[in-house]
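Open the model in a viewer and keep the selection panel at hand. The stops below go from a pocket to a ligand and then out to the fold.

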Amino acid sequence: MGIVFFSVNFFDSSRDLDEEILKKIIDLAVLAPSAFNLQPWEIIAVRSPEAKQRLYDAALKQPKILAAPVTLIMVGDKDAYTEANDAWWYMRDVGTPDDKIRGSIEFARNVLYNTELKRNNFAVRNTSFLYMSLMYAAKYYGVESHAMIGFEEDKIKKEFNIPDNKVVVLLICLGYFDESKTLYPRLKHRGYEEIVRVV
Ligand SMILES: Cc1cc2nc3c(=O)[nH]c(=O)nc-3n(C[C@H](O)[C@H](O)[C@H](O)COP(=O)(O)O)c2cc1C
């Protein structure tokens, strides 16, 4: 039945995550779609004990952050719709004329992302695709993950030098399950009958 997710609360702190596997996970995940393919995201990979401690303090002291070999800080860029983002010009590679690209840049600035709320949504929505893609990619390489929004954004921004035009969207712990522990029981997930309204 393909990939089945559950949130791994207990990571084996004695097992590192190989840097090559982390690279493969991320290079697979970046195939995630994004609006205009602008890819308004970046990732801070927290690996050192010192950086883990700083993240732990800013994320409600969730023990997984210390136990997991890596936690990714997923950052969305609220300004990535502007012409300063060279990803706009990737469209040239597939023959899109410059005036059409400029038209899209104008439309993004004047209509799609012309309020602070829309800019924030732009960063969060797109980065959310990357993070779910990352969780699938991790699973593909046999690596477990755990998503978290239990953190204080201001503290993370200060600790990791993230400027105000960026949003800390989510954290993801990556690593291997600690087999000496028992997973929390699976909570009910609503299915088709409960969440779909066909019109
Ligand atoms: C956006 C998001 C934020 C979450 N934040 C936290 C968190 O801060 N701490 C935590 O222990 N779990 C967190 N979780 C994990 C959820 O509690 C978990 O996915 C949910 O209970 C369902 O469990 P399952 O994934 O094992 O089915 C988060 C999950 C998501 C998607």
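How much space lies in the largest pocket? About 360 Å³. A pocket here is an open set of points on a 1 Å grid over the protein atoms alone, where a 1.4 Å probe fits, with protein on both sides within 12 Å along at least five of seven lines. Its volume is the space filled by probe spheres set on the points, which are joined across faces, edges and corners.

Before going on, note that this is a predicted model, in which local features need pLDDT of at least 70 and side-chain atom pairs pLDDT 80 or more, while totals for chains, interfaces and linings use all residues. Residues are numbered from 1 along each chain as its sequence is written, and side-chain values use heavy atoms, without hydrogens and water.

Select the pocket lining (residues with an atom within 4 Å of a point). Of its 13 residues, Phe6, Ser7, Arg186, Leu187 and His189 are the closest to the pocket centre. The lining divides into eight nonpolar, four polar and one charged; Ala, Val, Leu, Ile, Met, Phe, Trp, Tyr, Cys and Pro count as nonpolar, Asp, Glu, Lys and Arg as charged, and the others as polar.

Now show the polar contacts (N or O atom pairs within 3.5 Å):

- Arg186: a side-chain N or O atom is 2.6 Å from a ligand oxygen.
- His189: a polar side-chain atom lies 2.6 Å from an oxygen of the ligand.
- Ala147: a polar backbone atom is 3.0 Å from a ligand nitrogen.

Finally, zoom out to the whole protein. Colour by DSSP runs (helices H or I, at least four residues; strands E, at least two) to see seven helices and four strands. From the N terminus they run α-β-α-α-β-α-α-β-α-β-α.

Definitions and conventions. Polar contact = N/O pair within 3.5 Å; in protein donor to acceptor, adjacent residues only side chain to side chain.
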